[in-house]
Amino acid sequence: SEKTTKLHTATHLLNEALRKILGKEVTQRGSNITPERLRFDFNFDRRLTKEELSEIERIVNKKINEGLDVKVEEMKYKDAVKRWFRGVFEGKYPEIVSCYSIGGFSKEICSGPHVGNTKELGHFKIIKEESSSGGVRRIKAVLE
């Protein structure tokens, strides 16, 4: 649906904002998107502060408001890695992958649906941050 497509694109922005605030070692550990919300799991060993959560929201909304184009390219997996596109599950990709870049902000290997421009997303809001399992945190967020 249009809502899940928007939320899916928002996960890319969230992933990169987490890395900018919490460190480059942060990686996605899973995600789930429904028409109501996105759920994003990532490796981190403590609860996020209110300040960190506010800064993550601010970054995502800044990128939405900048109206960044979302572009897709198909290429060999090994070329995608050389061009710094990040993936989630190393070794589980076909030879040819879809690579999405959002402005100069986010570069990920992905097969999900995406909007054409971040302006389509609306306002991003984190509604919950919690532990998912040992060393893994979970953020739930919505687009308003």
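**Entry 1: K3**

I began with K3, which touches P35 and L143 when residues up to four places away in sequence are not counted; contact here means heavy atoms within 4.5 Å. I note that the model is predicted: local features need pLDDT of at least 70, side-chain atom pairs count only at pLDDT 80 or more, and totals for chains, interfaces and linings use all residues. Residues are numbered from 1 along each chain as its sequence is written, and side-chain values use heavy atoms, with hydrogens and water left out.

I placed K3 in helix α1; helices (H or I, at least four residues) and strands (E, at least two) are DSSP runs, numbered from the N terminus. K3 counts as partly exposed because its relative accessibility is 31%; buried means under 20% relative accessible area, exposed over 50%, and partly exposed in between (1.4 Å probe, protein chains only).

**Entry 2**

I traced an open sheet of four strands in the order β1-β2-β7-β6, with antiparallel pairing. β1 (28-33) and β6 stand at the edges with a single partner strand each, so one side of each has no neighbour in the sheet. Neighbouring strands of this sheet are turned by 20 degrees against each other on average, direction ignored. Two strands pair if DSSP finds at least two bridges between them; β6 and β7 (residues 136-143) pair in the antiparallel sense over eight bridges. I looked up K128 and found K140 in β7 as its bridge partner.

**Entry 3: helices on the sheet**

I followed helix α1 (residues 2-22) across β1, β2 (38-43), β6 and β7, and its direction is at about 25 degrees to β2. Helix α2 (residues 50-65) lies across β6 and β7, at about 130 degrees to β6. Axes are lines fitted to C-alpha atoms, for helices over the stretch in contact, and angles run from 0 to 180 degrees between N-to-C directions.

**Entry 4: nonpolar cores**

A nonpolar core is a set of buried Ala, Val, Leu, Ile, Met, Phe, Trp, Tyr and Cys residues joined through side-chain atoms within 4.5 Å. I found 31 residues in the largest one, and L14, L18, L38, F42, L48, F124 and I139 have the most contacts inside it. Two or more residues each come from α1, β2, α2, β4 (96-102), β6 and β7. Helix α1 gives the most to this core, with seven residues. Apart from this core lies another of six residues, among them M75, A80, F85 and I109.

**Entry 5: T118**

I located T118 in the loop between β5 (106-109) and β6 (124-133). T118 is buried because its relative accessible area is 0%. Beyond four places in sequence, the contacts of T118 are L13, K63, I64, G67, L68, V70 and I102. A polar atom of the T118 side chain lies 3.2 Å from the backbone oxygen of I64. The C-alpha atoms of T118 and K63 are separated by 7.0 Å, although the two residues are 55 apart along the chain.

**Entry 6: aromatic pairs**

I counted two aromatic pairs; rings of Phe, Tyr and Trp (its six-membered ring) pair if their centres lie within 6.5 Å, and planes under 30 degrees apart count as stacked, over 60 as edge-to-face and the rest as tilted. Y77 and Y93 form a stacked pair, at 5.2 Å centre to centre and 20 degrees between the planes. Y77 is in helix α3 (residues 77-82) and Y93 in the loop between α3 and β4, 16 residues apart. Y77 is partly exposed at 23% relative accessibility, and Y93 is partly exposed at 24%.

Conventions. Polar contact = N/O pair within 3.5 Å; in protein donor to acceptor, adjacent residues only side chain to side chain.
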